[in-house]
Amino acid sequence: MMVLVTVILALHPGSGIAQVPPNPETDALAREVRSKGWIVYSARTKNGDWDLFLMRPDGTNIRNITNTPQWSEAAPRFSADAKYLIYRRLEKGQIISHDRYGFQGQLILSRSNGSAPVEFGRNGEFTWAMWSPDGSHLSCLSLRGIEVVNLKTKKVVRRMPREGIFQQLFWSPDGKWFVGTANVGGERWTILRMNAASGETRVVSKYQNCTPDWFPDSRRVIFSNRPSGQNGYGWTQLWMADTETRIRSLIYGEDGRHIYGGALSPDGKYVLFTRCPQDGGGSERDGAPGGLMRLTDSPTIAGESKALRAIHPNVKNGPVLTLPDCWEPHWTFADIGDLR
Amino acid sequence: MIEASSQESPSQLDETSDPSPISSSTENGYSKFRVALVVSVLLLASVAAVAITMTNHVKGRETGIDDHVTNLGSFEITAELIEIRGNFLPNDNLYNYAFFMLYQVGEVHRGELTVKKILVAHYNPLKPRHAVADEFYPDIGGMLKNFQVGDIHRMALEMPVDDFYIGGLIDRYFKNQEIPRYWGLWTNRVK
């Protein structure tokens, strides 16, 4: 019942990637996604800092797009048209907080291949910045609430109460919703959807959730969840939920690994994530191996995972492609890798 | 010369090998001045330490008074910690949170506070207050080592909590929104 895993040989500066024999299923998955755009991600380099990298979705053609030994770059995010990137730049040596990175360092705006980086704000400004669907604005989250900032003027054009949301604010592709991690009704780490116009909120998933992100349909969200009832500390799994019906379902789980960094391909057919042996996703250390699977193969459980399989007996065993060590990957179908 | 210099003290070496424009008499004057300066600084430090101790201790009693608690935030109170509902979560430097605790207000030193019971959110409550400040909340602190029901605390507070703290918040009193909620900035024990 083991999920078949193929490790991609890649000359990655920050990871020693183990080799396992190729597998037909994962090979097929690799071929299927290879030409589907690019994934941008943060990874630790040999210098000890973090840089941004691009790779093909099968883990090949890795290129460092920041190359800044004096800085660390983290949490890159393509604009919807894939012309630009935003990310946070921190002092080298500063530990990247896996769940508070949005408050750290400076917001940098660059072309999507990492060229022409511009300091958009000073340290601690434009926190948790995220693209609006048309790329003309950013949503930001701070003690002041949720602010919508005009990208050209850097002026706040709208401000609304954050309603308990305290980290990881993401704007839906249709522009109608925000989703974030919130304190709601005494429940910590709750996934909360907010109407971007009215501020009306809806709880999507309670108890020990984080890192929500939108599906392309602007209705479902993907997030990490460490359910109660596990033996001991438990393992964090990747889940999805319909924000209207609040019906939740497991995407991927693996006892022995904490699954974070959940993100969808632009067409919603593939899922990206990271598999960290320690809780937190790996930003405080060296990242964690990335994973890629088909959404149609969910729920998938990897490894022996006896306890998890007992709860979810009807799982599929789709192939999971192992990607280089990374953190907070994001995917575009645009062909941006050769622009530099 | 080489032999001698290798066995001399640095100050002697300075006198013999360094063509300093400062004469030896001037150097002696500086040395005396340095000694006097060091003695003065030590004396001042001792006086300051005694003053702080006297401020924080009256007849052997810890008053909880210091420069931080008397100046930080909009409120300063002395209150008894009367309930810690449930257990704290780990403070393992992975997840950070604030935790509401119930207090019986004894004395209000600064700010308008008329109710008798309040909730105070303390950041990462398993950490001693002197070690709780971090890059996100650098101004939090105090002399309290741990939170125990029945202890009296002198605290500098702020409200509303959402204006001062954005992070995981354990609120086991959420069904009772009548109790005012404060953000704990500085916490000293009173004995």
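1. Two strands are said to pair if DSSP finds at least two bridges between them. In β16(A), the bridge partner of A:Arg193 is A:Arg202. These two residues belong to a pairing between β15(A) and strand β16 (residues 201–205), which is antiparallel and has four bridges. The two strands form a hairpin with five residues between them, and A:Gly199 in the turn has a positive phi of about 85°.

2. On which strand of chain A does β15(A) find a further antiparallel partner? Strand β14 (residues 177–184) of chain A is joined to β15(A) by seven bridges. Within this pairing, A:Met194 of β15(A) stands opposite A:Phe178. Here too there is a hairpin, with two residues between β14(A) and β15(A), and A:Gly185 in its turn has a positive phi of about 55°. Strand β15 (residues 187–195) is mostly covered, as seven of its nine residues are buried.

3. Helix α1 (residues 24–33) of chain A has A:Thr26, A:Leu29, A:Ala30 and A:Val33 as its buried residues. Seen down the axis of α1(A), these buried residues fall within an arc of 100°, and therefore they line one face of the helix. The face turned away from that buried side carries the exposed residues A:Pro24, A:Ala28 and A:Arg31.

4. Strand β7 (residues 152–158) of chain B runs antiparallel to β9(B) and is joined to it by seven bridges; B:Ile152 has B:Val190 as its bridge partner in β9(B).

5. Some caution is required in chain A. Its mean pLDDT is 92, and 93% of its residues reach 70 or more. Over residues 1–18 of chain A, however, pLDDT stays under 50, although the model has 57 contacts beyond four places in sequence for them. Where pLDDT is low, the predicted coordinates should not be read in detail.

Key
Residues are numbered from 1 along each chain as its sequence is written. Chains are lettered from A and ligands numbered from 1 in the order in which they are written. This is a predicted model: local features need pLDDT of at least 70, side-chain atom pairs count only at pLDDT 80 or more; totals for chains, interfaces and linings use all residues. A residue is buried if 20 or more other C-beta atoms lie within 10 Å of its own, exposed if 12 or fewer, and partly exposed in between; C-beta atoms are placed from the backbone. pLDDT is the predictor's confidence in each residue, from 0 to 100. Two residues are in contact if their C-beta atoms, placed from the backbone, lie within 7 Å. The arc is that of the directions from the helix axis to the C-beta atoms.
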